[in-house]
Amino acid sequence: MAQIIDGKAAAAKILENVTKGAEELKTRGVTPGLAVVIVGEDPASQVYVASKSKKATECGFHSVQHSLPENTSEDELVSLVEDLNRDPAIHGILVQLPLPKHINSDRIIYTIAPEKDVDGFHILNVGMLGTGAIAKALVPCTPAGAMLLIEGVRGKDLSGLSAVVIGRSNIVGKPMANLLLAANATVTIAHSRTADLAAVCRNADIVVAAVGRPQMVKGEWIKPGATVIDVGINRIPAPEKGEGKTRLVGDVDYAEAEKVAGSITPVPGGVGPMTIAMLMANTLAAANRASGRDTPDL
Ligand code: NAD
C-alpha cells in the first residue's frame, strides 16, 4: 500500500508560515496585498475567486476583489490592471481565467506587471522558470504546489530519477516539467499524441498526471514504488450515493495505483489544496521582493 501524500496538511503548514511571514512584514510597515479580478458570472469562477479572497484575508493580507460585468471591454480591463500595477498596496494581481470570449487573455496577462503576476503566467515569469531562474520567477501555483509534495517524499534533488508529466498545458504540464528538470530529474512530457503512454509511464519514478480525463492512468502503468501526483479534478456520476449524485476523481485510477505506487496523492485532498496555498505564498514572495527582501523557504 502506498504512502498517502496529504496535501491538506501540507497546505495548512504553508498557510501557517505565510501568515507568520505576513505578520513579520507588517512589523516593517508592509501588508501583503492581493487583488483578484473576475469578469462575468461563471459560477465555478465565482466560487474560486471568493475562496482566494477569503484565504488572503485569513492570511492577514490586504485583500481586494474586483467583480466586473460580462460586457466589460478589453480596454476597460487593461485599464483596471494598469491601475493595480501602479497601486503600491497591491503586490499580487490575479485575473481569473477563462475570460469572456471577446477579451484577449494574452493581452491581459501580459499587461500584469511581471513582479505582481502571482499566477506566474506572464511570459517573463515563464521565461525565468524555463531558464532555471526559479528564485526570481513567480511560478504557477498548481505545479509549484505539486513540486513541494514531490520534495516532501523524494527530497529536493531528483538526480537519477525519471519523471513523466502527462499533459503539456501552459498552466500545469509545461511548468511542472521545468520544475522537475530544475530539480535534476530526467523528464519526459507525454500528451495526447504520445504513442504507448502506458510504456512511457512504466519507466517513471515520478508520474504527474495533468490531463483532465477521469481515472485514465491505470495501476498497471505504474512502476512499483513510484511517486504518483494526480493533478486532475474530474466530476463523475456516483449513483451509489443516490440518484443524480456525483463525486470527484483524479486522472489516476487511485484504487489500482495505490497498490503499486510508493506514494500517491488522493483526489480530493492532494494537489488541490496546495494551489491556493501557493497563491498566498507567491503573494507574500511578491510583497517581500517589493520591499527588497528575499522570501524564506516555506
Ligand atoms: P488542459 O486541458 O489545458 O491540458 C490537458 C493536457 O492533457 C493536454 O496537454 C493534452 O495533450 C493532454 N491529454 C489530453 N488527452 C490525453 C490523453 N488521452 N493522453 C495523454 N495526454 C492527454 O488541462 P490543464 O489545465 O492542464 O488541467 C489538467 C487537469 O488538471 C484538469 O483535470 C484540471 O481540472 C486539473 N487542474 C487542477 C488544478 C488543481 O488545483 N489541482 C489546477 C489546474 C488544473
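**Helix packing, ligand surroundings and backbone features**

In this predicted model, the axes of helix α1 (residues 7-26) and helix α10 come within 9 Å and cross at roughly 20°. Axes here are lines fitted to C-alpha atoms, for helices over the stretch in contact, with angles from 0 to 180 degrees between N-to-C directions; helices (H or I, at least four residues) and strands (E, at least two) are DSSP runs numbered from the N terminus. The angle makes α1 roughly parallel to α10, a label for angles under 35 degrees, while those over 145 are roughly antiparallel, 65 to 115 roughly perpendicular and the rest oblique. The crossing of α1 and α10 is left-handed, that is, the near helix is turned anticlockwise from the far one by less than a right angle, whereas clockwise would be right-handed.

S51, K52, K55 and A56 of α2 touch I276, L279 and M280 of α10. The residues of this contact divide into four nonpolar, one polar and two charged.

An oxygen atom of the ligand lies 2.8 Å from a backbone N or O atom of R168. For S169, a polar side-chain atom is 2.5 Å from a ligand oxygen atom, and for T275 a side-chain N or O atom is 2.8 Å from one.

Finally, the backbone deserves a look. Most residues other than glycine have a negative phi, and most peptide bonds are trans. A cis peptide bond with omega about 0° joins L97 and P98, and P98 lies in the loop between β4 (92-95) and α4 (105-111). Another cis bond, again with omega about 0°, joins V267 and P268; P268 lies in the loop between β11 (263-264) and α10.

Residues are numbered from 1 along each chain as its sequence is written. Local features need pLDDT of at least 70 and side-chain atom pairs pLDDT 80 or more, totals for chains, interfaces and linings use all residues, and side-chain values use heavy atoms, leaving out hydrogens and water.

Conventions: Contact = heavy atoms within 4.5 Å. Nonpolar A, V, L, I, M, F, W, Y, C, P; charged D, E, K, R; others polar. Polar contact = N/O pair within 3.5 Å; in protein donor to acceptor, adjacent residues only side chain to side chain.
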